[in-house]
Each structure stands twice: as structure tokens, then as C-alpha cells.
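Subject: The structure I promised you

Hi there,

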Amino acid sequence: MNNRSYIVISLSSTDSVLWSQVSQSSAQSRGRNLANTQGLLSYSVTPSFISDGSVVPVGDIMNQTEALELLQTSAWSEPMPEE
Amino acid sequence: MSTQFTNRQWRLPNNENKDKQSNYSMDFDGNVQHIKASNFSGLADKSSGSFSLWFKTTNTTSNAGKCILSIPYSGGGNGFDIYINNSTSLKSYLKTSTFTTTTTNTITYGDSNWHHVAVVYDGSTHKIYFDTVDVTNTSTPSPSGAIAASTVNTIEIGRFSTSYQNEFNGQIDGVAIFNYALSTSQITTLYGSSSTGIGNPMSLSPKPVAYYPLGDQDAFNGANYLVPNIAAEEDDGDIATSYSPYALDFDAASSNYIDCGNITSLNNLSAFSTSTWINYEGTISGASSHMFLSGGSASNNRFYVQLYSSNQIRYGYNGNTIVTTSSMSVGNWYNIVTVHNGTSLDVYLNGVKQNTSPVTVVAPSTNIGNNFQIGKYFALSSYYWDGKLSNASIWNTDLTSSQVTELYNEGVPSNLNNHSAYSNLVSWWQLGSNSSFNTNWTVLDEVTASGNNGTSSNMTEDDIVDGVGSYANGLSSGMGGDEVIGDAPYSTANSLSVNMDVLDRVTDTPS
């Protein structure tokens, strides 16, 4: 398990995210839930947009294991189509 | 070494030096900078041992007491070290059943020239060779018995491992550690010459148990240098040169993956094979995690390879099949090869075929080269790989079992440009080696004709990590990314690129 922190944010907060301060490259490439309402971000150093309250995480800050468990839920992962 | 890229720079030696063993070194500030390598056990309880290195300094006053190389013993104190004694001598500690200090005769080292040092313990004598000459003055008391290195040691380059620390000020190059006493002829070989450069420790027999070239292959990860020990260990314990000392670390929870675009030459094949070195982390969740290769245009026109459990590989085509394998565990490297001959599938783990009879599949789908991705399923934002990956390659043929054995290479990835099936190699990404970071990782496709370079998503510069087969790799501390110097013994005026990436090498040159 790495030492990064993981947060869920509302997609409506995306404009306030400074991508240079998080592990994700862009709004398009980050993980998002199937309802397309929330996104997952990770970071090693708390980003300024979190510290100053510009973006308020949805729920608690997670570790990697907790984030992986979230991604396995039906709200975030759809079954692979099988022929 | 010839021209090569290691994050973040091209290292372009002066042409007259291109065939020399070392053209770069590392510069230590004498304050905080040093390199630490953990989990080294190569000298534990050996009846003899040696090390060889090069150093260069002009600082003979404040360098007194400063350490160039330190290998502690099991009690944590000085085990096998070399340090600056005073302005005209060096000193070495050796811990066996006794504690020996050996001091050199008067030497001249602070003259801004490179000097070679070899320290040799043969079971009864503890000697220091300076530029191949035995300069041992006093050795008190006479040592005997095995080297009291612990089974797991931390090597420190540029300072003591003990609380003294005492960081060295100057340049260091070519640190090699041997679990036997070097002969005088071997020391002469390591010393080399101005025409050929320094000797290659990996050419000696036996090979060293650790070799840190320093400078030539070090990769910067945004905060520290990764300093590889290129004396990699094969699965039978033999030492081999690691061709590809790095890997990339994928975090599934951060949606990490590599997009290689459309590999058109992979489409409409009657047979094809894949090879990937995997090192998984996290919990394997059956169908919904740990996919490491995929490509296609739709769920009925695709392929994928996925770790389905710790002893199962799932292979997707127009449908899917699960092959039971030997058990794999977290934190270990495994070579997974799939061979799809058009009607059946074989899966190999570390060169050994896992299925007892051919697994029936249908012919490869027509568009498996589309949307080719490493570390994720191409059609969904799901099923990410969690852990390390290295040296992924795809082939437009059904590799034979001997060719798979060649790929495994006793547990150390090799140069696939020399593989017997090279003409069938479609794409090969070392992942980490020959990769550069600038917002995202660019991962070079080593097969120029196809040129399907990969681009990472959601990965950071510190995702470059130590590669397959290597152990006791070094990590710098206190360095900022400009400590690799284009200056080495018998090799000067070697250049380093600025603000260039791995794709800036082109084949179009003046005729």
C-alpha cells in the first residue's frame, strides 16, 4: 500500500482542481463513478484547493486500500461484457 | 556506454568515449548527500571479500574522516569501509572476529585526478590498493575469520552507515563489491587504461555481488536518484547483468494506465503471443481487477490478459478462458507469456507451461491491436492493474517453448533485439527504462518500425521503480537532480541533455 491519500469530489468542483497537485493527469482521465457525478483523486501532499476549502471532499479521506474497495462497488465499476 | 536515455536526461558521451565502461559519475556535496542501498546480503559471513571504487576530490582538509563506502556489520558498527584518514592517507575498517584498521602509506589523492581504490580481505590480510599499488602501511591487529556483515545490510556510498555519517565531498564512480579476494591481476583489469576506460566488474569471474556504475544509468524520480545495482540475480542464484533496471508502478486506485494507441500490425493475425513481467499488489478481485494487457474495438473483438486470482490467469478473446497456474504472491516478479496459435492457447509462468493440455480458443479477433492499453481494460474505466509492470512485449507469431524460455532468461529481462524471434516482435515497452516523464510518462516502443509509444494517464514521476531481478538497489538522499556529472575516470567532456525527452532521438541525419 502506498502513502497517498484518496478523496472523492463532486464533478461540479472540477474547475477548482489544480491538476499539477494531484496524481491524476486531467478531468478526462481520472476515475469517476458510473453516474458521472463524482470523481476520485489522489495525492501525496495535501493540495492547496483542499487546504483552502476550494474543494470539499465527499466523505472521508481514504487510503489506497479503502479507495480500491470503493472502486469495486457497483456504483463505480460496471461488469465486463462477456460474449 | 553509448548514447542512452535515463529519466530525466539523455546521456551523450563524447564520441571518443562511447565504447568505455563509464562516462558519468556522481558528485557528493560533503554535507548531506549520500546513497543508501538496502537488503544487501552478499558479504554475510564470507571468509573473504573485496570492493573496488573510483573517487576524485580536491578537498584534503575538511574531507578528513569522511567516508566513501561503508558496509556495516551485524552489530551496526563499521564492518567493511574505506574513508579519508588525513590529507595524505586513506583508512579501512574491517570487522571479523576482531576489529582491524588498515592505513595506507603516504599517497596523493587530492589532486583533482581520478583514483582507484581496491580493499581486499583474503581471510588473513586486509590490504588497500591505490591505483593498483599495494599501499598498505599498518594493519592492526591481523584479521581472521569471516566478515561479520549481517545477513541484511545497508550499503552507504558517500558516508558512514553508523551515526558518524561524515559525508564525503567529491565524485565517486564504479562501486563494485565482491564476495572473494580480488587478485592483483583482477585489480589491474578493474583499473583499465586511458584508451579503453575503466574495467567492467561484470567481466570478472566470479562476477561482483553488487555493482553500482554511478551516473551512467541512474534515473531521477522527481525527488531522488534511483541508483541501480546492475548485478542482477538469476533464479539459480547466478549473477547476470540487468538489461532493464527499472519498472513502472501502477496504482489502480489512481486509475493508472498506459495508452499505446492503435497497433495496426497486430490486427488480422492468425497467431500472436504476449510477454509481461508482473509484480502485483492489493487484493485480486477476480474479473474486476488486475488486467495488465488489453486491446480491441468491442467486447466481441478483443483480447486481454488478467490476473484472475493468485493462481489463475484469465485470457479474453471473443469469450474468455481461465488457466490455473502455480501460485503467485504479492511483491514478487513473474514472467507471464501467452501463446495463441489460432486454435489453442498456452500460458507460461516463468518459462514453464501451466496448462497441461492446449486450451481451445477461437482465432484471434481482427482488431486486437486497437486501443492497446497496458494496465487497464480498453473498453471501460475499470479493471486497472495494481502493482509493478516491466518489459511488456507482443509478437505476431506463436512463440515456441524454447523461445519462451529465452524470454524468461532465468528471471532477468534481456535485450529483445537479440531474441531469436526478433523478426516477429511487434512492440516492446521496457516500462521505466527508456521512458521519460513530462506531465505524463512517455514509454518508448523499442521496435522502431511500429513506433507505438505509450503515454501514461494519472501517473507521477515517482512511479519509476527498481526493476526485475535486481536487489540492493541504491536510492540517493539530499540530491536534487543535477548530481550526475559527465566526467569519469579516463572519460571527460561527456554531455547531458536539458529539457529533452525519450522521443527526441531521431534517425534522420545529414547524409
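**A buried arginine and its partner**

A:Arg4 counts as buried, because its relative accessibility is 8%; buried means under 20% relative accessible area, exposed over 50% and partly exposed in between, with a 1.4 Å probe and protein chains only. Before going on, please note that this is a predicted model, in which local features need pLDDT of at least 70 and side-chain atom pairs count only at pLDDT 80 or more, while totals for chains, interfaces and linings use all residues. Residues are numbered from 1 along each chain as its sequence is written, chains are lettered from A and ligands numbered from 1 in the order in which they are written, and side-chain values use heavy atoms, with hydrogens and water left out.

What does A:Arg4 meet in a salt bridge? The partner is the side chain of B:Asp463, at 3.2 Å from N to O. A salt bridge here is a side-chain nitrogen of Lys or Arg within 4 Å of a carboxyl oxygen of Asp or Glu. B:Asp463 counts as buried too, because its relative accessibility is 4%. A:Arg4, B:Asp251, B:Asp462 and B:Asp463 are linked in a network of salt bridges.

**Where the two chains touch**

The contact takes 25 residues from chain A and 31 residues from chain B, where contact means heavy atoms within 4.5 Å. The size of an interface is often given as the accessible area lost when the parts come together. For chain A and chain B, about 2,000 Å² is buried between them, 42% of it on carbon and sulfur atoms; this buried area is the accessible area (1.4 Å probe) that two parts lose on being put together, summed over both.

The rule finds 3 salt bridges across this interface. Between chain A and chain B there are also 12 residue pairs in polar contact, both residues at pLDDT 80 or more. A polar contact is a pair of N or O atoms within 3.5 Å; within protein, one must be able to donate a hydrogen and the other to accept it, and residues adjacent in sequence count only if both atoms are side-chain atoms.

On the side of chain A that touches chain B, the elements giving two or more residues are strand E3 (38-43) and helix H2 (64-71) of chain A. Helices (H or I, at least four residues) and strands (E, at least two) are DSSP runs, numbered from the N terminus. H2(A) gives the most to that side of chain A, with 4 residues. The residues there divide into 9 nonpolar, 11 polar and 5 charged. In this grouping Ala, Val, Leu, Ile, Met, Phe, Trp, Tyr, Cys and Pro count as nonpolar, Asp, Glu, Lys and Arg as charged, and the others, Gly among them, as polar.

Which residues of H2(A) are buried? They are A:Gln64, A:Ala67, A:Leu68 and A:Leu71. These residues lie on the same side of H2(A), because they cover an arc of only 100° around the axis; the arc is that of the directions from the helix axis to the C-beta atoms. The buried residues of H2(A) pack against strand E1 (5-10), E3 and strand E4 (58-62) of chain A. At the start of H2(A), a side-chain oxygen of A:Asn63 comes to within 3.1 Å of the backbone nitrogen of A:Thr65.

In chain B, helix H2 (residues 401-408) has B:Gln403, B:Val404, B:Leu407 and B:Tyr408 buried. Their arc of only 145° around the axis puts them on the same side of H2(B). The cover over the buried residues of H2(B) includes E23, strand E28 (334-340), strand E29 (344-349) and E33 of chain B. After H2(B) comes B:Asn409, whose phi is positive, near 55°.

Over all chains, the count comes to 12 salt bridges. One of them joins B:Arg159 and B:Glu156, with the closest N and O atoms 3.0 Å apart. Both B:Arg159 and B:Glu156 are buried. B:Arg159 is found in the loop between strand E14 (153-157) and strand E15 (169-178) of chain B.

B:Lys388 forms a salt bridge with B:Glu281, the closest N and O atoms being 3.5 Å apart. B:Lys388 lies in strand E33 (residues 387-395) and B:Glu281 in the loop between strand E23 (272-280) and strand E24 (291-298) of chain B, so the pair ties together parts that are 107 residues apart in sequence.

Is B:Pro510 buried or exposed? With a relative accessible area of 79%, B:Pro510 is exposed. B:Pro510 is found in the segment after strand E41 (495-496) of chain B.

Happy exploring!
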